[in-house]
Every structure is written in structure tokens, then in C-alpha cells.
Amino acid sequence: MEGRNCSIEDICKQQKEGLNMRALIKHLHHEKSSHKIGDHVLVMGWVRTLRDQKKFAFIEINDGSCLANIQVIANSDLENFSEILEKVATGASLKVNGVLVESPGKGQKVEIHAKQIEIVGQCDSSYPLQKKRHSFEFLRSIAHLRPRTNSLGAIARIRNALAMSTHRFFQERDFLYVNTPIITASDCEGAGELFQVTSLKEGASKNERGQTDYSEDFFEKPVFLTPSGQLNAEAYALSHSNVYTFGPTFRAENSNTSRHLAEFWMVEPEMAFADLQDSTKLAEAYLKFVLSDLLDKHLKDLELFNSFIAKGLVEKLEHVIKNPFEKISYTEAVQILEKSSKKFEFPVHWGIDLQSEHERYLTEEHFKKPLMVTDYPKDIKAFYMRNNEDGKTCAAVDVLVPQMGEIIGGAQREERFDILKQKMTASKLNLETYDWYLDLRRFGGAPHAGFGLGFERLIQYATGMENIRDVIPFPRSPKHADF
Ligand code: 4AD
Ligand code: MG
């Protein structure tokens with residue numbers, strides 16, 4: 001299945017033109033490969049294992065293009081054979097020129113009989129990836145080398161695939177891709193858990209009350225790393241109708257959990273002339289699209305997780321794609337939780353913010369499938385969510401999935417000027433900072449709605465990986481910003 005999206009004709013053409021003589025391992029293993037038995041191929045990659053049988057050496061090489069390695073057979077005809085036996089070790093990088101032959105071994109159809117091997121980069125015995133299995137915790141301490149392992153290598157390809165199908169989903173539906181800013185003066189979620197960005201040095205001047213003098217700061221006011229691109233995306237939805245932003249977001253919440261990062265990526269579509277229902281429909285269609293695309297194109301990588309990390313993963317994903325998501329209101333969710341015999345750490349009553357234990361009970365034990373909860377109490381949700389007519393709830397939606405809880409948070413936005421202003425005041429926001437946001441209601445406002453998907457949570461869901469720190473290349477979490 002690997003490489004199905006890449007045209008073999010293109011590769012052949014490139015090779016004929018002498019542009020790219022290097023063959024990627026995924027193309028050698030491809031069922032419709034242009035590389036035939038007997039062809040000369042040039043492969044480059046890193047040694048995974050080496051078996052030395054005196055007259056022969058079997059070298060497994062991986063280049064990151066797919067899960068499978070290619071086996072290279074080196075024999076004593078090679079002029080540098082003794083050098084190879086002496087210097088090639090796990091982790092070394094090699095350039096191999098050879099002939100593609102049928103493999104008598106199990107598990108692979110082809111292998112390479114080497115004609116020439118160049119040791120590009122040696123690797124000594126202090127290389128930490130010597131044995132086959134390491135704990136994910138250990139691998140986190142070598143985040144610069146862990147992409148060379150099977151599991152983290154596969155995650156990198158899955159992450160790439162999900163990003164590409166995210167763009168495909170929105171582009172095919174005429175959503176405009178908008179790059180919203182990273183540096184912002186406004187706290188979209190209003191939770192105040194922001195990283196401040198400043199050009200002031202230590203010892204910068206303070207006023208008489210001991211407060212920082214921002215007139216000397218780069219922007220002459222406090223600014224932060226954005227916790228969400230939503231507010232800016234709204235401005236573009238109210239000019240281009242359907243838009244999405246997909247970028248890094250930052251939260252300084254001290255959540256040392258397997259579902260929180262300080263720096264994570266968010267996919268945020270925003271639609272004008274749309275309501276809460278449009279947003280829930282889009283969220284369900286989006287999740288089904290990207291997961292089904294992943295199953296189509298990356299089954300080999302997913303099977304690794306199916307075998308070693310989360311038994312039944314592929315079946316679960318197939319089930320998710322085929323069946324409609326459950327949809328209930330917050331009030332109904334609270335009733336289900338109150339009726340359950342389960343003992344929760346946080347007691348349940350109408351008005352509480354659902355905790356992860358509640359979310360997981362609903363989706364894992366009660367419904368056993370993805371669940372959309374709508375119409376939360378307005379007092380526990382962000383200022384921008386549209387008040388419902390009942391005076392108690394707002395047009396919010398959270399999508400909850402088993403083993404994870406919340407994967408998506410969305411809402412219909414408050415488009416009524418007076419009510420929004422009132423909600424902002426109640427949330428103690430500085431109205432001056434948000435005056436531009438109010439302009440979007442002053443000048444040709446329209447009902448609009450959208451959602452935010454935590455991209456790492458999607459990858460966790462798709463792979464069954466337990467810890468969110470293992471699905472982003474270089475994780476940032478409390479006390480950890482290494483590499
Ligand atoms: O529910 P949240 O806070 O919603 C927003 O930020 C809205 N402005 C989105 C919108 O409507 N455009 O965050 C959205 C999603 C969550 O459902 C969760 O999946 C993820 O972002 N998320 C995190 N992922 C990893 N680490 C964290 N600290 C996260 N906080 C939220
Ligand atoms: Mg949320």
C-alpha cells in the first residue's frame with residue numbers, strides 16, 4: 001500500500017533523466033515497482049542490523065520511506081569487504097550500489113546483492129539504539145534519534161499523512177487556508193494560560209508601582225504565543241466564507257498528563273453563514289475522511305500499532321468510519337453520568353465542567369464510540385460561544401472519543417454585538433484589545449461557527465499511542481523543552 005500516492009512513471013522518468021538515481025526503499029518494495037529483478041539500484045540509508053557470516057554479511061537498511069528495511073547482501077567479492085566487516089555497525093549510514101534480486105527469505109520479496117558499498121557515516125557502540133525494543137520513555141530522552149526506530153518512524157509518516165489529508169479535506173470543499181499569527185495580544189480561550197513574548201531584558205525599567213514598563217518592549221504592550229488561531233480565522237471567515245488555519249498553538253497550563261502539551265498543533269476551520277449543527281457535521285465528516293485516507297494509504301504503518309501497541313486498532317478505525325457518531329446534549333450527558341453506578345473522583349451535577357473521567361465513561365463505557373456533546377452551560381465555556389435561548393447554555397460542541405476524551409472543541413460564535421460585548425465584560429477582557437473582534441459584529445456580521453481539533457490527539461487516536469509526547473517530534477511539556 002505504501003507509496004500508492006506516488007506515481008511510478010514519475011520515478012522512472014526521473015531516473016531516465018538521471019535526476020534521481022537513488023531508489024527509496026518504499027519504491028523497491030512497492031507491488032507495482034518500476035524496479036525489476038536484475039536492475040541496478042542505488043540505496044542510501046541507516047543500518048538497522050548486521051549479521052556477519054565471515055564470507056557474507058547481511059545488512060538491513062532503512063531510509064525512513066517505509067516501515068520495511070531492505071536486506072543487502074555483501075560478499076567477499078567486494079573490494080572493501082574486510083573494511084565493511086570491521087567498520088559497519090548498527091546506526092551507520094551507507095550508500096549501496098547493487099542488483100535487485102528475489103529474496104529467498106521470508107517477509108520480503110526483494111533484496112540487494114551489493115556491488116559497491118560506501119560507508120558514509122560510521123557509528124560506534126555508544127549509539128543508544130542497539131537493541132530492538134526500548135521504552136517510549138527512554139526514547140523521549142533521545143528525541144533526536146528516536147525517529148530511526150520503527151514506531152517513531154511510523155508516527156512521523158502517519159503525522160505527515162494526516163496533515164496532507166487535512167489539507168485535502170478542506171481544499172476539496174473550498175475552504176481557504178489562512179495563516180493566523182503566532183504572536184497575539186488576545187487570549188482566545190480566556191483562560192490566561194499564556195506564554196508571554198518579550199524583547200525586554202532582565203532589569204528592564206518598572207513604573208512607580210513596580211509594574212513592567214512596556215513602552216520599552218518590542219510591541220509596547222504585553223503579547224503572547226497564541227493559544228488558538230480562532231479569533232483571527234473568524235476575520236477571514238467573515239470575508240472568505242469558509243476558511244481553516246492549521247498551525248502551532250501554545251498553552252502554559254501546568255497539565256502533566258498524557259494528553260497535554262505546552263506546544264501543540266491545531267486544525268481550526270471556521271464557516272460564515274453557519275450554525276452549531278454545520279460545525280458538528282463538518283467535524284464528523286473531517287474525522288471520517290482523514291482516518292479513512294490513513295487506512296487506505298498507510299495500512300502497513302497502522303498494522304505495527306495494531307500488533308504492538310493497541311490490539312484491534314484497525315478494526316476500531318474501520319468501525320469509526322462506518323458508523324454515525326452519537327450526539328447528545330450536555331444536560332443528557334449529566335443525566336447519564338448521574339444514573340451510572342460508577343464512582344467518579346469529581347462528583348457530577350449540572351453545571352460542572354466534564355472531567356476526563358466523565359468524558360471517558362460516556363464515550364468508552366456508555367456509548368462505546370465517538371460522541372458529540374453539545375450545549376454546555378455558558379458559564380464554563382469561552383466568552384465567544386453563542387448564548388442559547390434558554391439563558392443557561394451556549395452553542396458549544398465537544399467531540400469525545402474512547403481512550404482519550406476530548407479531541408475537538410467547537411462552537412457557534414456569538415454574532416450579536418451587545419451580547420458579545422456583555423460576555424466579554426463579564427469575562428473581564430480588555431475591550432480595547434478586542435475592539436477589532438467586535439468590529440466583525442459591527443460591520444456586516446453573520447452567524448458563524450467552527451471548531452478546533454488537537455492534531456496530536458488525532459494522531460494518538462489513530463495510532464493508539466498512550467502518551468501525546470510520543471506523537472510530536474520534539475515535545476514541549478512542563479520542565480521539558482530539550483532538543
Ligand atoms: O477546546 P479548545 O481549547 O478550543 C479552542 O481552542 C477553540 N478556540 C477552537 C476553535 O473553536 N477554533 O482546544 C481545541 C482542541 C481540544 O479539543 C484538544 O483536542 C486540543 O485542542 N488541545 C490540546 N492538545 C494538546 N495539548 C493541550 N494542552 C491542548 N489543549 C487543547
Ligand atoms: Mg475544549
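Which residues of the largest nonpolar core touch the most other members? I started there, keeping in mind that this is a predicted model.

**Cores**

I looked up the largest nonpolar core and found 89 residues in it, with Ile117, Tyr286, Leu453 and Leu458 touching the most other members. Helix H7, residues 276-297, gives the most to this core, with 10 residues. I then listed what Leu453 touches, not counting residues up to four places away in sequence. The list has Trp265, Met266, Val267, Tyr286, Leu287, Ile407, Ile408 and Leu458.

Next I picked Ser329, which is in strand S12. Is Ser329 buried or exposed? Its relative accessibility is 18%, so I logged Ser329 as buried. Leaving aside neighbours within four places in sequence, Ser329 is in contact with Val373 and Thr374.

**Positive phi**

I wanted residues other than glycine with a positive phi, and noted two. Ser241 has a phi of about 70 degrees. Ser241 lies in the loop between helix H6 (230-240) and strand S10 (242-250), and is partly exposed at 34% relative accessible area. Asp375 has a phi near 60 degrees. Asp375 is placed in the loop between S13 and strand S14 (396-401), and is partly exposed as well, with a relative accessible area of 21%.

**Salt bridges**

How many salt bridges does a search of the whole structure find? I got 22, and wrote down a few.

- Arg168 and Glu172 meet through their side chains at 2.9 Å, N to O. They are 4 residues apart in helix H5 (residues 150-172), so about one helical turn separates them. Arg168 is partly exposed at 33% relative accessibility, and Glu172 is partly exposed at 49%.
- Arg442 and Asp435 form a salt bridge at 3.1 Å, N to O. Arg442 is partly exposed, with a relative accessible area of 37%, and Asp435 is partly exposed, with 34%.
- Asp379 pairs with Lys378, with the closest N and O atoms 3.8 Å apart. Asp379 is exposed at 70% relative accessible area, whereas Lys378 counts as partly exposed at 24%.
- Arg386, Glu389, Glu414, Glu415 and Arg416 are linked in a network of salt bridges.

**Surface**

Last, I checked for nonpolar side chains on the surface. Ile182, Ile183, Phe218 and Phe219 make a nonpolar patch of about 380 Å². I followed up Phe218, which is found in the loop between strand S8 (196-197) and strand S9 (223-225). Why did I mark Phe218 as exposed? Because its relative accessibility is 62%, and the cut-off for exposed is over 50%.

Terms used. Residues are numbered from 1 along each chain as its sequence is written. Chains are lettered from A and ligands numbered from 1 in the order in which they are written. This is a predicted model: local features need pLDDT of at least 70, side-chain atom pairs count only at pLDDT 80 or more; totals for chains, interfaces and linings use all residues. Side-chain values use heavy atoms; hydrogens and water are left out. Patches are made of residues with over 30% relative accessible area and no salt bridge: like charges are joined within 9 Å, nonpolar side chains (Val, Leu, Ile, Met, Phe, Trp, Tyr) within 5 Å. Accessible areas come from the Shrake-Rupley method with a 1.4 Å probe; for residues, only the protein chains shown count as cover. A salt bridge is a side-chain nitrogen of Lys or Arg within 4 Å of a carboxyl oxygen of Asp or Glu. Buried means under 20% relative accessible area, exposed over 50%, partly exposed in between (1.4 Å probe, protein chains only). A nonpolar core is a set of buried Ala, Val, Leu, Ile, Met, Phe, Trp, Tyr and Cys residues joined through side-chain atoms within 4.5 Å. Contact means heavy atoms within 4.5 Å.
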